[in-house]
Amino acid sequence: MALGKYSRVDARKSSSGYCSTVTIVVFVALCLVGVWMMMSSSVAPGETTDVSQENKSEERTPATDISAKNNNDEANNEETNTDNTPTDEGKQKQFEDNPGDLPEDATKGDANANQAEKNDVPEETAKTEEEKPEEKSGDEKKDDRDDSEDGEKNKVEVNQDSEAGENKETNLDNEQTPEGDSGKTDGEKEDGQTEEKADKENSTEKKDNSSEVFPSGAQSELTDESTTQNGSFPTQATESKNEKEAQKSSGSENQSQYSWKLCSTTAGPDYIPCLDNLVAIKKLPSTKHYEHRERHCPENPPTCLVPLPEGYQRSIEWPRSREKIWYHNVPHSKLAEVKGHQNWVKVSGEYLTFPGGGTQFKHGALHYIDFIQQSVPDIAWGKRSRVVLDVGCGVASFGGFLFDRDVLTMSLAPKDEHEAQTQFALERGIPAISAVMGTVRLPYPGRVFDIVHCARCRVPWHIEGGKLLLELNRLLRPGGFFVWSATPIYQKLDEDVEIWEAMKKLTKAMCWEVVSITKDRVNGVGIAVYRKPMTNECYKQRSKSDPPLCQDSDDPNAAWNVPLQACMHKIPVASTERGSQWPEEWPARVQKAPYWLSSSEVGVYGKPAPEDFVSDYEHWKRVVKNSYLQGLGIDWSNVRNVMDMRAVYGGLAAALRELNIWVMNVVNIDAPDTLPVIYERGLFGIYHDWCESFSTYPRSYDLLHADHLFSKIKKKCNFMALVAEVDRILRPEGKIIIRDSVDIINELEAIFKSMQWDIRMTYSKDKEGLLCAKKSMWRPTEEEKLTYALAA
């Protein structure tokens with residue numbers, strides 16, 4: 001009865017009753033929406049928009065997906081965000097592309113996408129209010145979003161570095177709520193404030209849009225190498241059947257199938273595959289030209305891992321490493337015993353110390369270096385003279401102290417001629433290569449070194465028509481100096497007098513000018529300085545063509561397994577030829593395109609050569625500044641020896657030149673021959689074939705950089721052998737930065753994990769990827785016997 005009575009009353013008062021009902025329903029709906037929004041507050045700034053919007057445009061900044069192994073509990077968020085860790089907003093922009101480099105139409109597309117996203121925010125809020133309140137919690141929604149993004153191209157994975165002292169490692173976890181955001185109220189989620197926040201973030205993106213990991217827009221051509229018009233060095237080595245089979249099998253392996261063994265060789269922890277191939281060395285018909293010190297690479301490169309010396313520990317940082325290194329890292333004392341009185345190296349407790357002297361400069365390398373310039377002021381260390389080749393370098397103290405004069409020195413010595421001399425140099429943080437002047441040309445282009453130096457290197461320059469000195473003539477820039485400090489200059493023993501007379505005759509026939517012959521009263525040694533001519537006039541005036549001029553068809557830049565010849569190349573005279581002019585003084589030469597790069601020639605990336613050079617330099621400056629120095633979590637104070645495994649124009653080395661490091665620029669023999677460009681700008685490098693082992697000791701480099709190298713090698717030879725080589729030459733706790741296709745990045749990530757390396761970060765976008773990893777101290781326990789490297 002009451003109900004019917006009420007119904008009749010409601011009919012008479014329909015207007016007021018209807019309003020009350022609507023008010024109650026709206027109130028309940030608003031409460032539910034408020035609860036839902038509070039439960040969704042764990043979403044980080046920049047993620048309040050609909051996730052579906054992320055796939056509307058492929059040009060948008062990629063979303064981030066943090067690896068599950070790096071997700072920290074929310075209770076630990078404040079601890080992981082240290083002072084050296086960027087804010088979430090900074091993290092999100094660290095790996096954005098630079099719209100400023102995009103074509104105009106592509107830039108507009110990005111702007112439209114951002115505006116559409118911003119405009120969609122209030123519509124999405126209104127749509128949510130109309131829906132049923134059966135909404136999932138914020139955590140559940142985040143899980144759904146993570147699942148939906150598993151198949152996307154764009155991801156970032158970051159591992160927190162546990163290394164003590166490297167607290168600058170970047171934590172790019174965009175899922176975490178930064179300190180100060182956890183207390184936001186529901187009112188901050190209202191439409192107007194959401195739009196204001198989107199506007200603010202959009203403007204911040206425009207401000208910080210120079211951050212990038214990959215080339216974007218107009219710079220995208222930097223990932224693709226094309227043929228140049230000025231020629232490229234041809235491939236010398238052929239691929240063996242075993243290499244092809246190994247490559248095929250490596251592509252089908254997965255992480256669980258990767259297995260590693262230790263290399264078991266007589267060289268032990270110092271194993272260099274191409275220099276320790278004893279089987280090949282024993283088959284040599286002769287060793288009188290030091291053939292046994294030259295490269296003899298095994299047909300099947302090793303895929304095992306080189307053991308560590310017992311007691312190995314992290315290398316001492318530069319510049320302290322110039323004076324001392326850990327004894328157990330290079331546990332060799334024979335050189336200290338033989339050369340200790342000459343201040344090469346001494347054993348001092350747990351250290352090997354280097355007083356800075358040598359055979360010819362017992363009272364210090366700096367005094368010796370200054371004495372040379374006093375004798376020949378035109379040398380002008382660090383200005384006119386920037387790139388030096390030191391033949392028979394000993395422990396490379398000469399090159400080590402030339403850094404104080406802003407000079408780069410390529411130190412060169414044969415393996416085991418004096419025990420571990422170049423290994424000492426590399427452990428000290430000084431550039432060095434294990435090589436010998438034997439039967440083939442050194443792996444450098446012609447006319448690139450400003451100075452060639454030899455301090456009592458005991459090379460028989462005068463024999464066999466002066467073939468070895470003529471090789472230095474090939475390498476020396478016209479107008480460059482040859483600095484020779486040896487006993488024949490100042491001693492009167494019969495052998496020394498004979499060598500001195502032969503050298504005077506040879507250098508005169510080569511048209512080398514005697515600039516200075518002096519004796520240092522402090523060290524008690526003599527120094528002779530010669531200058532290579534800058535014209536062909538002297539060659540034409542010689543009464544006897546001995547040594548002869550090389551044929552015009554002989555390319556002075558051809559240097560990979562090319563036999564030595566006892567001839568001289570003509571001096572370039574045309575103003576557009578490389579070598580006809582001296583480069584600009586350092587440091588101006590590093591950033592200016594060489595005068596001989598012609599706009600009529602096509603560069604590596606398809607632009608006119610000078611524009612190509614500038615584009616490459618600007619690209620790497622931007623990447624180094626906005627990504628490598630800030631976004632990869634690398635403590636650059638721990639980095640000294642760097643190798644760019646595919647250097648092109650040397651742009652990376654040029655961009656890093658302000659740091660206290662040196663970079664070995666490697667130009668692959670089947671790539672465009674850009675190594676002369678690298679030397680012209682005051683940097684240095686070497687030719688190499690990455691299907692073979694590099695001529696350096698294990699644990700030589702702190703950081704390796706490989707830009708689209710692995711994908712090229714996989715098409716050419718044994719992929720896993722290159723991985724093993726990277727492990728061999730990289731120091732434990734050293735880093736590698738790899739830029740390549742996503743497929744290669746994913747495969748390398750799995751391989752490195754099987755070696756127990758720390759994957760610091762992976763990033764991918766539009767089928768291109770970046771990987772940063774840190775080598776561990778782990779070594780396998782099982783050994784693999786390499787018969788080709790063992791004595792019979």
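At what angle do helix H23 and helix H24 pack, and how far apart are their axes? The views below are of a predicted model, in which local features need pLDDT of at least 70, side-chain atom pairs count only at pLDDT 80 or more, and totals for chains, interfaces and linings use all residues. Residues are numbered from 1 along each chain as its sequence is written, and side-chain values use heavy atoms, without hydrogens and water.

**View 1. Packing of H23 against H24.** Helix H23 (residues 719-729) packs on helix H24 (residues 742-754) at about 55°, with the axes 12 Å apart.

**View 2. Residues in the contact of H23 with H24.** Phe719, Met720 and Val723 of H23 meet Ile744, Glu747, Leu748, Ile751 and Phe752 of H24 (heavy atoms within 4.5 Å). These residues comprise 7 nonpolar, no polar and 1 charged.

**View 3. Start of H23.** A side-chain oxygen of Asn718 comes to within 3.1 Å of the backbone nitrogen of Met720.

View 4. Helix H23 is largely enclosed by the rest of the structure, because 11 of its 11 residues are buried (under 20% relative accessible area, with a 1.4 Å probe and protein chains only). Among them are Glu725, Asp727 and Arg728. Arg728 has 3% relative accessibility and therefore counts as buried. Leaving aside residues up to four places away in sequence, Arg728 touches Tyr271, Ile272, Pro273, Val306, Ser693, Phe694, Thr696, Tyr697, Pro698 and Arg699.

Note on methods
Axes are lines fitted to C-alpha atoms, for helices over the stretch in contact, and angles run from 0 to 180 degrees between N-to-C directions. Helices (H or I, at least four residues) and strands (E, at least two) are DSSP runs, numbered from the N terminus. Ala, Val, Leu, Ile, Met, Phe, Trp, Tyr, Cys and Pro count as nonpolar, Asp, Glu, Lys and Arg as charged, and the others, Gly among them, as polar. Buried means under 20% relative accessible area, exposed over 50%, partly exposed in between (1.4 Å probe, protein chains only). A polar contact is a pair of N or O atoms within 3.5 Å; within protein, one must be able to donate a hydrogen and the other to accept it, and residues adjacent in sequence count only if both atoms are side-chain atoms.
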